[in-house]
Amino acid sequence: MISKLRMIVQFFSFAVLNYGGRIGINLGFSLPCFACPFVSGCGGYCFLFYLQRVGLFGAANWSQIFTYPGLKTILWFILFAVLVMLLSKTWCGWICPFGTMQDWLTMLRKKLGIREIEWSWKTYDTIKPLKYLFLGVILVVPLLIAYGGMHQDFYLLFCRICPGRTLLPLFAGQTRFFSLDFANDITLVISVISIIIAAITVVGSFFKERFFCLFCPMLPLIQMFKKYSLITFEKKVDTCSGCGNCLRMCPMDVREVHEEKEKAKVMSPECLLCMKCVESCPEDKTLTIKFLQYKIFTSSREYITKNFK
Amino acid sequence: MGKLVLKIKTIVIYAVLLYFIFLQGQGSCAQICSEDFLWLEQGETAMERDGSLTQKIYLKSNNNKFSVDDMSEVSVTYYCQTRSGLREAYILPIQHDDGNYYVQALAKHKNNYCEVVVSGYYKSVLYTAQTLFTLYADAFDKNKKLNLIESKNKEYLPYIFAQTKNRVRTGQPLEFIYKSHEKAVADVHIFEKEKGFLTAMKTNENGYFSYTAPEDDYLNKMGNSAYRTLIIRVKGKTADKPSINTLSFPIYRDYNGEIDKKQAFVLFIITFLIAVIGVLHYRRRFKLK
């Protein structure tokens, strides 16, 4: 039931964020998900785009920082924090249009009966830091362009290699970003990298559920507000039977939920709050998603018997 | 011997031809470039505390032969139109600083399509200069009235009408209509601030002419916000008096001209296949372990 509800929410979010602008929807610059601003007629903008445009707290636009637009920049940052605290990783698992696109590829693979690729823990541990590298690029490049004399063609560098920018506009019939740009060496190298990343993401997402999310720099940004998040993910360690269903069902292969033996709060940086682990947990009230003190969804044997035949 | 004479004759003929072509070119350029005209150069922008944006527009004459002080009946009108269609027109005062004459255009809204039109007489010739630019402001109070006199001029003649409202780019065919009191063929000369005289053409009887700025290596190398200043000069007549009119605007590198979708598709397919082979190979290896 939760999976179906998630699918409906994802479909609705995809429609709003990819096409909403065509009917006048504008959700602003602070969205903590890959709502691609390069899609013509999008309904909102990915916060990473804004972060690159103005730098951290508007530091790349220093001359404007004490003006009304500078104040608005700070407000967009505050709004981002509020949205993250309000919905936490639900942005990734339920709302992100690029995540939805990846889930559609996974559905296609399942329909075709192709098995998911399995990775060793060593591989996971090797690729985990890549998202921090991308986050570093997002934070440093705007400052280097503004004050370090970096070439202007590095502007919005992460956006320009992001597979979301290459693939999501295709859903709106735009092929402009699915191209190689021969204007100069920098644009050519960046466009070649973007096409290669897009192709690897399509193949990766087909064979591995939520492949690109493993590298997504939005995850660590959202994780920064974990302490203040209104949504919490809790585990009763004493009632866990250690069956491993949570690990098997997790699209991100998060080990922490299964392995945690002491702490109650188990939301890891990679968790997408898709709730598949809670759905598949056979122990009553062992895994629980809460909004403030209110339980949104909790594991139960009854749910399993009803929904998994 | 006969062949040698023929070769020498051919070389001499070509040399004479080249000499004449060179002289002719020099002559026409020298003549065109030395003719007076008034034009507008876009200066720096500054964001005000309240989020409104000011843009300096410098009034310049070709070769600095005359200045605003030498002209009579000088007027400066500033038009500003938002994307939603809101249109405002003001008369701007001319300011003077370090030997430069300039006006300051101001915008309050997001996405403004702006134009400054200057006109005045010098030695009984009507000089007009127009410039087009876009301003992106975000003022706190967008309805605040500016401290400027509103202009009631709805139509300005002579006028070079440009059929574009976006950033002008190289490789993009630009269409113009020169409107004046008289319908006649007029001479058009196109200059670049950085390169000087580029080309000459004529309008048709309705004043229509078009120009496509060629690809520019400098702009391609320098990035998306680098620009050159294009100046279009039209020589016409207004009420039996000669008029020299210019339209200037920044020209940016072509956004779509250097892109190749086919090669991108080929690269995508190749990477896709390599990735699939890699996955299958990895899966087989993983299984065997």
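# Close-up views of the model

**Phe291(A) has Tyr294(A) as its bridge partner in β4(A).** The model shown in this view and in those that follow is a predicted one. The strands concerned are β3 (residues 287-291) of chain A and β4 (residues 294-298) of chain A, which pair in the antiparallel sense over four bridges. Further along this pairing, Ile289(A) has Phe297(A) as its bridge partner in β4(A). The hairpin formed by β3(A) and β4(A) has two residues between its strands, and Leu292(A) adopts a positive phi near 55° there.

**An open sheet in chain A consists of three strands in the order β2-β3-β4, with antiparallel pairing.** β2 and β4 of chain A are the edge strands, each of them pairing on one side only. From one strand to the next, the twist averages 30°. Strand β2 (residues 231-235) of chain A is joined to β3(A) by five bridges, and these two strands run antiparallel. Within this pairing, Phe233(A) has Ile289(A) as its bridge partner in β3(A). Ile289(A) also has a bridge partner in β4(A), namely Phe297(A).

**Two helices of chain A, α2 (residues 47-54) and α7 (residues 130-147), pack against each other.** Their axes are 7 Å apart and meet at an angle of about 30°. Angles under 35 degrees count as roughly parallel, and α2(A) is therefore roughly parallel to α7(A). On the side of α2(A), the contact is made by Leu48(A), Leu51(A) and Gln52(A); on the side of α7(A), it is made by Ile138(A), Val141(A) and Pro142(A). By class, the residues of this contact comprise five nonpolar, one polar and no charged.

**Chain A is assigned two domains, domain 1 (2-221) and domain 2 (230-307).** Between the C-alpha centres of domain 1 of chain A and domain 2 of chain A the distance is 27 Å. The two domains touch: 18 residues of domain 1 of chain A are in contact with 15 residues of domain 2 of chain A. On the domain 1 side, at least two residues each are supplied by α1 (2-19), α3 (68-87), α4 (90-95) and α11 (218-223) of chain A. That side of domain 1 of chain A has ten nonpolar, four polar and four charged residues.

**Chain B contains an open sheet of three strands in the order β10-β12-β15, with antiparallel pairing.** The edge strands of this sheet are β10 (159-162) and β15 (208-212) of chain B, each of which pairs on one side only. Neighbouring strands are turned against each other by 30° on average, direction ignored. Strand β12 (residues 173-179) of chain B pairs with β10(B) over four bridges in the antiparallel sense. In this pairing, Tyr159(B) has Lys179(B) as its bridge partner in β12(B).

**The domain assignment divides chain B into domain 1 (1-34) and domain 2 (38-252).** The C-alpha centres of these two domains of chain B are 40 Å apart. For chain B, the mean pLDDT is 85, and 90% of its residues reach 70 or more. Confidence within chain B is lowest in helix α1 (residues 2-34), where the mean is 64, and highest in β15(B), at 94. Residues 23-27 of chain B have a pLDDT below 50, and this stretch makes zero contacts in the model beyond near neighbours in sequence.

**Chain B meets chain A through 30 of its residues, which are in contact with 27 residues of chain A.** The elements of chain B that give two or more residues to this side are α2 (217-222), β18 (259-260) and α3 (261-288). Of these, α3(B) gives the most, with 13 residues. By class, the side of chain B that touches chain A has 13 nonpolar, seven polar and ten charged residues. For the complex, the predictor gives an ipTM of 0.92 and a pTM of 0.85.

**Strand pairing also links the two chains, where strand β1 (residues 180-181) of chain A and β18(B) run antiparallel.** Two bridges join these strands. Here Asp181(A) stands opposite Ile259(B), a residue of β18(B). β18 of chain B is also among the elements that give two or more residues to the side of chain B that touches chain A.

Notes:
Residues are numbered from 1 along each chain as its sequence is written. Chains are lettered from A and ligands numbered from 1 in the order in which they are written. This is a predicted model: local features need pLDDT of at least 70, side-chain atom pairs count only at pLDDT 80 or more; totals for chains, interfaces and linings use all residues. Two strands pair if DSSP finds at least two bridges between them. Axes are lines fitted to C-alpha atoms, for helices over the stretch in contact, and angles run from 0 to 180 degrees between N-to-C directions. Domain bounds come from an automatic or database domain assignment. Two residues are in contact if their C-beta atoms, placed from the backbone, lie within 7 Å. Ala, Val, Leu, Ile, Met, Phe, Trp, Tyr, Cys and Pro count as nonpolar, Asp, Glu, Lys and Arg as charged, and the others, Gly among them, as polar. pLDDT is the predictor's confidence in each residue, from 0 to 100. Angles under 35 degrees count as roughly parallel, over 145 as roughly antiparallel, 65 to 115 as roughly perpendicular and the rest as oblique.
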